[in-house]
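Hi,

Here is the structure I promised to pass on.

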Amino acid sequence: MALRNSSIFLTKCDLALYLTRNLTILTNASKRILAGELGVRIPVKGKDEIAQMGKAFNNMIDKVDARTKALEAANIRLNTILDSAVDGFVIINDKGTITDINPAISRLFGYAHNELIGQNVAIFLPFEMRSSHDSFIHQYLETGVTQIIGTSRELMAQRKDGQLFPIALSVSLMKIDNKVMFIGLVKDLSDVKRKEVAAAKTESVLLATLAASLDSLITIDIDGRVVEFNLAATRLFGYSRHEAIGRYLEELIIPKSQHSSHRGGMERYRQTGSGNIINKRIELLATCKAGNEIPIELEVVPIKLGNEILFTAFLRDISERKASELKLQLAKEQAELGNKVKSRFLATMSHEIRSPLNAILGGVELLLHSKLNKEQRIHANITREAGSALLNTINDILDFSKIEAGQMVLESNEFEPDKLVAQVLQILEPKAYDKGLQLVSFVDRNVPQTLLGDRQRLNQVIHNLVDNAIKFSVSGTITVEMWIADNQQSLMQLFCRVTDSGIGISEEAQSKLFKEFSQVHDTHNTNYKGTGLGLAICRELITMMGGEIELESELDKGCCFTFYVSLQPHEANYCHSYCPPTKSRVMLAHTDLLWLSIVSKQYSQYGIETVVVNSWGEIKEESLLLGRFDLVLLDETFLFEVDKNEINWLKQTNLSDEGTLVALVSAMSSEISQSLSNIGLDQVVNKPLSRSMQFALLSQDAPSNESEEVYLAESLFQGHILLAEDSPANQIIAGTMLTKAGFDVTYACNGVEAVKLMNERAFDLVLMDIRMPEMDGLEASHIILSTNPNQIILAMTANVMKEEVEQCYLVGMKDFISKPVNQKMLLSIIQKWLPNASITLPIISSQVKSFSQNLLDEIILSELSTALGKDSLSNMMAVFCEELLERVATLTVLDPTQFELIEDQAHTLKSSSGSFGAAALFLLAQQLESSARNKQTEIIYTLIKQVAIIGKETHDAFMERFIQ
């Protein structure tokens with residue numbers, strides 16, 4: 001019993017101990033949880049009630065932990081948002097005391113966090129507003145009336161440093177544990193207010209600008225009603241802004257005739273979003289309030305504001321501009337009329353001067369084709385060149401008119417640069433002689449014999465520059481140098497330099513040198529008078545020819561004008577060819593060292609030994625001369641120091657057996673010729689010397705200024721020509737030229753006679769003057785061509801104005817011949833239109849003679865003889881001579897238009913003649929090949945004639961020397 005009771009007692013004690021221990025564990029866990037510890041769990045053993053309670057406790061704790069963690073995470077997220085928010089958050093109690101703030105509040109107001117906690121929220125307001133803010137809270141708590149609670153308002157806030165700034169404040173009510181709390185959201189409006197102020201300022205400026213704008217501005221909506229009408233529009237159209245706003249635009253300013261177009265345009269834009277006048281500047285008429293119409297310039301710009309579309313029109317009154325345009329148009333028409341009158345005046349004056357000048361130059365040309373002695377030919381040449389200078393002056397006047405009108409047109413014809421320079425200097429030589437000046441030229445060896453370009457314009461430029469050099473120089477030598485630039489361009493750059501030792505031009509004056517009507521020297525000094533057009537025209541012409549001009553000059557040190565033009569080469573051989581006599585020596589005797597230098601350089605380029613002396617004493621010093629000379633050029637300045645005996649001594653001592661002594665003079669007369677003849681100087685040449693003349697003297701050719709041109713008819717009759725010309729003198733000149741060429745010429749003195757003669761008989765060609773009495777050439781040509789449209793009519797007139805030339809072609813004339821005419825130009829054009837006429841165009845007799853005198857290249861022949869031996873050379877020469885006759889015979893029967901065959905024959909002949917030392921034939925064949933390649937029919941005809949002549953001479957020379 002005692003044992004059983006003891007056992008029962010122990011069981012109850014164990015149970016009490018078990019319960020006590022589990023309750024203790026539960027109590028301790030609860031305390032830990034209340035202390036804020038998370039993850040607290042109690043051990044659970046068994047399945048009794050205590051164990052079940054433990055499991056329930058643990059499940060409850062898990063849920064509490066999960067909710068705690070979620071709440072903490074939410075708090076963290078909220079605090080993070082509040083801490084990083086740009087706007088400020090402040091929490092206050094029912095007393096207005098700050099209990100919490102986010103960092104943005106500190107940034108906005110400049111307070112630290114601990115400085116604000118416990119402070120009244122009124123600290124954020126200006127002093128004058130703080131008391132009223134507390135009253136809002138008290139009023140709400142007492143009455144429940146929300147004056148600021150639950151609303152947002154804008155007010156001024158104050159920072160810690162006292163600075164005021166605008167904020168937006170929103171206050172909300174919240175209750176925590178039945179305690180009333182307020183949360184305020186503070187947003188800084190400083191940037192917003194600044195932008196609002198800037199926008200308001202911009203709007204004010206824009207409105208003020210529109211109000212003050214000189215252009216009218218009208219804005220309408222999509223229905224066409226006016227929504228904006230500025231002050232300028234009010235002034236322009238007469239409506240006040242109040243009157244215009246809300247009305248349809250077409251009722252205000254659009255003419256009734258345009259109402260339907262306006263409505264159609266608005267409807268089109270509503271449907272398609274596009275319009276004919278949108279974003280375009282147009283001119284049209286508008287109606288004012290008073291009923292009058294005015295011209296306006298209009299531009300319409302569409303503006304989209306959300307779903308609303310507006311149209312803003314900018315309008316400008318152009319009444320004054322239209323009036324000015326009308327005045328300008330009238331002024332333009334008057335100016336054009338004045339230009340036409342001026343052109344007609346220039347044309348009339350040109351015709352009146354050119355007509356007699358045609359007779360003068362034509363008569364001189366016919367005279368030069370007759371038998372003249374040396375002095376007569378020189379005088380005739382001077383007359384021709386002077387007449388040509390007068391013609392150039394007339395052309396200068398017309399050129400300036402053409403340049404002004406933009407009608408200047410360049411030509412491209414064959415010309416010889418050497419001859420061009422020579423002609424300029426020959427014309428100006430008398431003028432230079434009167435002032436005691438020397439003229440001298442140098443044409444570089446690389447300048448071809450012929451080029452293609454506008455010879456007349458280039459002549460005009462060089463003539464003007466040399467003439468100016470003479471005008472502004474009182475002593476010394478004027479030089480003209482010409483060369484080709486060493487480059488690989490397709491066009492040749494022909495350079496020319498004109499140098500003088502005159503008064504020079506200051507650097508300041510050079511800037512206006514090339515301006516029209518500008519003179520850089522004293523305009524009151526008649527020694528330097530002029531129009532001031534020359535250099536301006538020169539620069540314009542040089543520019544048109546693809547070149548430039550520049551000047552180097554100093555006062556009292558002369559001028560150096562250098563220019564270049566771009567020209568087309570005419571021959572395959574781009575260098576000038578001349579074969580001087582073997583081992584030629586030339587003595588130049590002149591007192592001017594610059595003259596000696598230029599002429600010596602010209603000879604030296606071709607391997608000719610030159611000795612220069614500038615006094616008679618140097619000639620006497622035989623040690624300086626060292627041998628005899630093939631040519632001695634003695635300037636006229638030496639002639640005052642010598643007599644016949646000294647000239648004889650000079651010939652005997654210094655001239656070779658075949659040598660020539662030539663006197664150089666500035667003017668020629670019978671008295672001078674006789675005086676020079678008396679002292680033993682039979683050969684006299686006029687200065688200045690050209691390149692061709694220098695070589696002609698060395699080769700002992702006749703030293704004429706121009707090569708004599710001979711025109712012959714192949715048969716007695718070439719065709720019938722009607723010459724309609726009212727001037728008897730011009731009838732004689734042109735008729736003689738035509739008759740000598742083999743034509744039968746019939747004359748008509750006016751257009752009526754020309755029409756009558758054409759009705760009576762047939763003519764192969766008609767030369768028609770334009771200005772004639774009773775009926776002019778244009779009307780006569782129209783009548784003739786109306787019945788005989790195939791008739792060849794060529795205009796021949798002194799009027800070269802563009803309008804008249806065009807009229808000639810319009811009535812049906814085939815070509816245009818400008819007066820004064822020369823025989824070469826006249827017959828060349830006739831040959832073009834009458835290809836069956838066989839006219840021998842210029843055969844340059846002196847050139848043939850020069851070829852004859854330089855027939856063979858002795859150096860090549862010597863080399864062939866040394867290399868082959870006499871017998872082999874003789875056999876080869878026989879083969880060459882036989883081939884030569886065959887080639888020449890083939891060429892003479894070919895028609896000048898068979899260009900390819902002629903080119904092939906000439907090429908082969910050139911190759912063989914060059915190989916066998918036939919120098920003259922080689923040069924002719926080379927020219928013939930080039931002319932055939934360029935299809936120059938007239939030149940081909942002439943060259944074939946020359947090839948036949950030189951070919952026979954070459955054949956005979958080889959046969960005599962190597963075969964017989």
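Below are my notes on a sheet, some aromatic rings and one glutamate.

This is a predicted model, so local features need pLDDT of at least 70 and side-chain atom pairs count only at pLDDT 80 or more, while totals for chains, interfaces and linings use all residues. Residues are numbered from 1 along each chain as its sequence is written, and side-chain values use heavy atoms, with hydrogens and water left out.

The sheet: five strands make an open antiparallel sheet, ordered β7-β6-β10-β9-β8. Strands here are DSSP E runs of at least two residues, helices H or I runs of at least four, both numbered from the N terminus; two strands pair if DSSP finds at least two bridges between them. β7 (226-229) and β8 (281-287) are the edges, each with a single partner strand, so one side of each has no neighbour in the sheet. β6 (residues 216-221) pairs with β7 over three bridges, and I220 has V226 in β7 as its bridge partner. Helix α10 (residues 259-272) packs on the sheet, touching β6, β9 (293-305) and β10 (308-317); contact means heavy atoms within 4.5 Å.

The rings: R585 lies over the face of F629, 4.3 Å from the ring centre, and K601 does likewise with F442, also at 4.3 Å. That calls for Lys NZ or Arg CZ within 6 Å of the ring centre and within 35 degrees of the ring normal.

The glutamate: E646 sits in helix α20 (residues 644-654). E646 is buried at 19% relative accessible area (buried is under 20%, exposed over 50%, partly exposed in between; 1.4 Å probe, protein chains only). Beyond neighbours within four places in sequence, E646 contacts W616, K620 and E641.

Cheers

How values were computed:
Axes are lines fitted to C-alpha atoms, for helices over the stretch in contact, and angles run from 0 to 180 degrees between N-to-C directions.
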